[in-house]
Amino acid sequence: TGDLGTSAVSQVLGARLLRSSGPADRIVLTDELHHRYQVLAAALGEHLPSWTWPTPTGGLSIWVRLPDTDAATFARRALAAGVVVAAPGPLCVSAPGDDHIRLSFAAPPTDLGEAVRRLASAWHRLET
């Protein structure tokens, strides 16, 4: 399987790493990714409470619904604030809608917090 969010080389290396690691290593990785999701969710809840998303059941990202906003427009604002987000467009066949962006929680927790602060700043500028 593959995705459109990471390079083919990263996917191959990740697959090899998962095959070569034991169950304990996978549990540690899963726990760390769950922690990173919790950091992202807490920061979004604090700084951007009007944004909504379903709790992920796997993967490294979430699709966030932006209330009354075009995702492509906001993605450009986010990029200007130093945060790359993905609008649905060509990313998937059954995109959630033009009002959603994809946020990854693969980054370290401190980076996730900073990214949300920058997103909040861009969001509040868009609202005014």
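**Strands, salt bridges and an aromatic cluster**

Let me start with the strands. S1 and S2 pair in the antiparallel sense, over 5 bridges. Keep in mind that this is a predicted model. Within that pairing, Ile 62 stands opposite Leu 103 in S2. Now look at the two faces of S1. The covered face carries Ile 62 and Val 64. The uncovered face carries Ser 61, Trp 63 and Arg 65.

Stay with Arg 65. Which residue does Arg 65 meet in a salt bridge? The partner is Asp 99, at 3.3 Å from N to O between the side chains. Arg 65 sits in strand S1, residues 61-65, while Asp 99 sits in the loop between helix H3 (71-80) and strand S2 (100-104), so this bridge ties together parts that are 34 residues apart in sequence. How accessible are the two ends? Arg 65 is partly exposed, at 30% relative accessible area. Asp 99 is partly exposed too, at 21%. Buried would need a value under 20%.

In total, the structure holds 4 salt bridges. Two of them share Glu 114, so let me move to helix H4, residues 109-127. Glu 114 bridges to Arg 117, with the closest N and O atoms 3.5 Å apart. Those two lie 3 residues apart, about one turn of the helix. Glu 114 also meets Arg 118, and here the N to O distance is 3.0 Å. Arg 118 and Glu 114 are 4 residues apart in H4, again about one helical turn. Put together, Glu 114, Arg 117 and Arg 118 are linked in a network of salt bridges. What about exposure? Glu 114 is partly exposed, at 33% relative accessible area. Arg 117 is partly exposed at 43%. Arg 118 is partly exposed at 35%.

Next, a residue in the loop between S1 and H3: Thr 69. Is Thr 69 buried or exposed? Thr 69 is buried, with a relative accessible area of 15%. That value falls under the 20% cut-off for buried. A polar atom of the Thr 69 side chain lies 2.9 Å from the backbone oxygen of Pro 67. Leaving aside residues up to four places away in sequence, Thr 69 touches Phe 74, Asp 98, Asp 99, Trp 123 and Leu 126. Phe 74 and Trp 123 bring us to the last topic.

That topic is the aromatics. The structure holds 4 aromatic pairs. One of them joins Trp 51 and Trp 123, edge-to-face, at 5.3 Å centre to centre and 90 degrees between the planes. This pair links distant parts of the chain: Trp 51 is in the loop between helix H2 (23-47) and S1, Trp 123 is in helix H4, and they are 72 residues apart. Trp 51 and Trp 123 are both buried.

Now Phe 74 with Trp 123. Their ring centres are 5.6 Å apart and the planes stand at 75 degrees, so this pair is also edge-to-face. Phe 74 comes from helix H3 and Trp 123 from helix H4, 49 residues apart, and again distant parts of the chain are linked. Phe 74 is buried, as is Trp 123. What do these rings make up together? Trp 51, Phe 74 and Trp 123 form one aromatic cluster.

Terms used: Residues are numbered from 1 along each chain as its sequence is written. This is a predicted model: local features need pLDDT of at least 70, side-chain atom pairs count only at pLDDT 80 or more; totals for chains, interfaces and linings use all residues. Side-chain values use heavy atoms; hydrogens and water are left out. Buried means under 20% relative accessible area, exposed over 50%, partly exposed in between (1.4 Å probe, protein chains only). Two strands pair if DSSP finds at least two bridges between them. A polar contact is a pair of N or O atoms within 3.5 Å; within protein, one must be able to donate a hydrogen and the other to accept it, and residues adjacent in sequence count only if both atoms are side-chain atoms. Contact means heavy atoms within 4.5 Å. Rings of Phe, Tyr and Trp (its six-membered ring) pair if their centres lie within 6.5 Å; planes under 30 degrees apart count as stacked, over 60 as edge-to-face and the rest as tilted.
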